[in-house]
Amino acid sequence: MTSTSESPASLGRNLIEGRWQAAASGETIACFNPSSGSQIGSAPASSAADVDRAVSAARRSFESGAWTARAPNWRAQILQKVAALIDQQADEIAQLETRDNGMPITLARALVATGAETFRYFSGWCTKIRGETVQISAPGDFHAYTLREPAGVAALITPWNVPFTMACNKIATALTAGCSAILKPAEETPLSALMLGDILMQAGVPEGVINIVCGRGNVAGAALAAHPDVDKISFTGSTDVGRKIVVAAAGNLKRVSLELGGKSPVLVFPDADLDQAAAGIARGIFSNSGQACIAGSRIFVHQKIHDELAARLAVIARQMKVGDGFEAGVNLGPLISQRQLDRVSGLVAEGVRDGSQVIVGGNRPDRPGYFFEPTILTAPRPGARILREEIFGPVANLIPFTDIDDVVRQANDTQYGLAAAIWTRDIGIAHRLARRVKAGNIWLNCQLVVDRSMAFGGYKQSGWGRENGLEGLEAFLQTKSVYAAL
Ligand code: NAD
């Protein structure tokens, strides 16, 4: 696959079998800059027919062995080329991401760099996928061994909050395992994934191995999830849609991995370094305007330091510059859409009706775009909706506690289990609580640290399976046992 002169125009078209194509229906979905609400482009509104073409292309490429049967070190080199091309085009990608998603350009640049790093990390695994020889006890003389083989044709479905990073993660892992794949980016933010498609072509990924089909979740996403020729789904998004994916996958019993929502607890003890804790907690909830599955939105703080932490968080929140991601010094961009803004402001209003008081924020700034102030609320009545539902906005509740067993119970009192943070200088408490809190990622005296060499995923209804690291790669592999009679 090589880059073509039509590549720049490819933004706004699907990538199927190495060619940029409009949706069969010709229909498109407009893309908006959430900082202004103005249209910045469009992407195909793909239907089941487009999905079918992409799946057929992926299947043909998979069965041809054009990627999967090539030498692992050749595949590693291609992934490294992808990383180098991302680095070369980093600024252009970051600018597109900020226009499409709204995030501050500094964050977009950092996330694009992590995308390149993900391809570099996984390139190292290409040459290290191995089975094992096994001494078996069956009567007779056998040479028995296992082969690690790719899962086949994979559907990759991603959300809008960190679009480029997520596309890199899933594509790099699928390619490393030797799968062919179809990526369906979120309809709100499809553009940077199309740039990645162009880069994959430039790097020499064979045609049909990675296909990108844009469109609405309930049309293109649903068709992909139900498609009988897709072997595996890797989905990141809301828990509600995760359930639909599981149902749709049941038709041909696809293998499913799910990275879903969160309502992550943060536990702050009186001996914590409050300067560090306040800065980390603020970052943990306000980063990307709280549109992070791992956002720490339930802050349990020991009664003794409740008011002190509240005051410090208020100072940090007031100092934050809310605005267009391209404005100098902005560290809080808009929410993704009017719908998300309505949801966040609705949940805050309901939280106040349920007894919360506003410590800081709580309003929409008076400007165009979908902005919401960084907001900290006191505790509402127990069981209030704002404490149970994922907000996906820059909003957290501060909840006082006095008893350690009680706070562990409250931290675990949620359907989610994606992440949790514990701030204390007492290493005994820290490590004991790391065991007792039911979440897939635990941060001790830090927040939002995610590294691709560590498994990432959720307990309970935050997901199935893990991404990143060897476990993430294994989700795209299957094991074949071979018995050879000697
Ligand atoms: P969403 O579930 O609405 O959409 C995610 C993707 O699924 C989109 O591409 C969408 O088009 C598609 N989709 C929607 N309906 C579908 C259907 N019926 N069949 C197949 N695909 C369908 O999520 P969102 O609003 O885009 O993103 C926010 C959510 O993502 C939050 O809940 C957040 O916690 C979660 N998230 C999780 C992680 C994680 O790693 N655990 C990371 C980021 C975001």
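I take buried to mean under 20% relative accessible area, exposed over 50%, and partly exposed in between, with a 1.4 Å probe and protein chains only.

**Entry 1: Basis**

I note that this is a predicted model, in which local features need pLDDT of at least 70 and side-chain atom pairs count only at pLDDT 80 or more, while totals for chains, interfaces and linings use all residues. Residues are numbered from 1 along each chain as its sequence is written, and side-chain values use heavy atoms, with hydrogens and water left out.

I take helices (H or I, at least four residues) and strands (E, at least two) as DSSP runs numbered from the N terminus.

I looked up Leu253 and found it in the loop between helix 8 and strand 11. Its phi is near 50°, a positive value in a residue other than glycine. Is Leu253 buried or exposed? At 70% relative accessibility, Leu253 counts as exposed.

I then turned to Ser289, in the loop between helix 9 and strand 13 (296-302). Ser289 also has a positive phi, near 55°. With 4% relative accessibility, Ser289 counts as buried.

Asp403 sits in the loop between strand 16 (395-401) and helix 13 (404-412). I record Asp403 as partly exposed, at a relative accessible area of 38%. The C-alpha atoms of Asp403 and Gln303 are separated by 9.6 Å, although the two residues are 100 apart along the chain.

**Entry 2: Strand 10 and its neighbours**

I count two strands as paired if DSSP finds at least two bridges between them. Strand 10 runs parallel to strand 7 (residues 153-157), and four bridges join them. On strand 11 (residues 255-259), strand 10 has a parallel partner over five bridges. There Lys232 stands opposite Arg255.

I followed the chain through strand 10, helix 8 and strand 11, which make a right-handed β-α-β unit. Right-handed here means that, with the strands pointing away from the viewer, the path from the first strand over the helix to the second runs clockwise.

How many residues of strand 10 are buried? Five of its five residues are. Lys232, Ser234 and Thr236 point one way, Ile233 and Phe235 the other way. In a regular strand the side chains alternate between the two faces of the sheet.

I found an open sheet of three strands in the order 5-6-20, with antiparallel pairing. Strand 5 (133-134) and strand 20 (477-485) each have a single partner strand, so one side of each is left without a neighbour in the sheet. Nine bridges link strand 6 (residues 142-150) to strand 20. Among the bridge partners there are His143 and, in strand 20, Ala484.

**Entry 3: Pockets**

I used a 1 Å grid over the protein atoms alone: a cavity is a set of points where a 1.4 Å probe fits but cannot get out, a pocket is an open set with protein on both sides within 12 Å along at least five of seven lines, and lining residues have an atom within 4 Å of a point. Grid points are joined across faces, edges and corners, and a volume is the space filled by probe spheres set on the points.

The largest pocket holds about 1,400 Å³. Its lining has 48 residues, with Trp160, Glu188, Ser238, Val241 and Arg339 nearest its centre. Which helix gives the most to this lining? Helix 8 does, with seven residues.

The second largest pocket has a volume of about 960 Å³. I listed 34 lining residues, of which Leu107, Leu111, Val162, Ile294 and Leu448 lie nearest its centre. Helix 4 supplies the largest share, six residues. Where does this pocket lie? Domain 1 (8-260 + 461-485) and domain 2 (264-451) both give residues to its lining, so it lies between them. The domain bounds come from an automatic or database domain assignment.

**Entry 4: Cavities**

I counted three cavities of 30 Å³ or more. The largest cavity has a volume of about 70 Å³. Its lining includes Asn169, Lys170, Thr173, Ser234 and Ser257. Helix 5 gives the largest share of that lining, three residues.
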